[in-house]
Amino acid sequence: MGLNRMTNKIILIFFLLLSIPQALFSQKKDLPTLVTVKQVDLKKYVGLWYEIAKIPNSFQDQCAYGTKAEYKIDEDGDIVVTNSCFDDEGKRDVAEGLAKVVDKKTNAKLEVSFVSFLGIRPFWGDYWIIGLDENYQWVIVGTPSRKYGWVLSRTPSLPDSTMQTIFEILKSQHYNPADFEISEQKK
């Protein structure tokens, strides 16, 4: 076995071992199964989305305003993800990633990765679509642990009545809407 192949395998094993504690301890106990929407048409889903609200997380700490996500389907059928935002000083921050459909029957369960080492993606996070406007104008994305959650829209803001509908869906999915902070789109 060549040195490069052996090194790559050692790196992969190292990162897999690091992810075991996270997988074991990230799930909240006694939560009902997160329910996804019945069907997602990926051709309608791709495009530009504005972040309306999120559960604060460490990987978006730098984002002060203008958070957006853009999805494109590549030739392999995977979804190329480009997340962007602006920091307090107005500097644009961009994260490139890849999403894969986990449940091909509904297309509502995906995994996303923003980390690649030598072409290997050792870390994947759940991206489950748990609420979706029938015209694909807004979406709620969650994770089974309820640790992460996002509300996205095709427009930079949503009416209060729509937000009430979204909060009711979040409650029915055992999320606390108070955990979500509203994202600023304009500054």
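The link of Cys63 and Cys85 is left-handed, with -70 degrees about the S-S bond. Cys63 sits in the loop between strand 1 (47–54) and strand 2 (65–73), while Cys85 belongs to strand 3 (residues 79–86), so the pair, 22 residues apart, links distant parts of the chain. Please keep in mind that this is a predicted model. The sulfur atoms of Cys63 and Cys85 are 2.1 Å apart, and both cysteines are buried. The structure holds one disulfide.

**The nonpolar cores**

Let us turn to the packing. The largest nonpolar core has 22 residues, of which Val40, Tyr45, Tyr71, Tyr127 and Ile129 touch the most other members. At least two residues of this core come from each of several elements, including helix 2 (42–45), strand 4 (92–101) and strand 7 (138–142). Strand 6 gives the largest share, three residues. Another core lies apart from this one; it has 16 residues, among them Trp128, Met163, Tyr175 and Phe180.

What does Val40 touch, not counting residues up to four places away in sequence? Its partners are Tyr45, Thr106, Asn107, Ala108, Ile129, Leu132 and Tyr136.

Lys109 lies in strand 5 (residues 109–113).

Helix 3 (residues 160–172) has 13 residues, and its reach from first C-alpha to last is 18 Å, close to the 18 Å expected at 1.5 Å a residue. Its buried residues are Thr162, Met163, Ile166, Phe167 and Leu170. Seen down the helix axis, these buried residues fall within an arc of 140 degrees, so they line one face of helix 3. An α-helix has 3.6 residues a turn, so residues three or four places apart point the same way. Turned away from the buried side are the exposed residues Ser161 and Ser172. The cover over the buried residues of helix 3 includes strand 1, strand 6, strand 7, strand 8 and strand 9 (181–182). After helix 3 comes His174, with a positive phi near 65 degrees.

Here are the two residue pairs side by side:

Definitions and conventions. Residues numbered from 1 in each chain as written. Predicted model: local features only at pLDDT ≥ 70, side-chain atom pairs only at ≥ 80, totals over all residues. Heavy atoms only, no water. Disulfide = S-S within 2.5 Å. Helix = DSSP H or I, 4+ residues; strand = E, 2+ residues; numbered from the N terminus. Buried < 20%, exposed > 50% of the residue type's maximum accessible area, 1.4 Å probe, protein only. Core = buried A, V, L, I, M, F, W, Y, C linked by side-chain atoms within 4.5 Å. Contact = heavy atoms within 4.5 Å. Expected span 1.5 Å × (residues − 1). Arc of directions from axis to C-beta.
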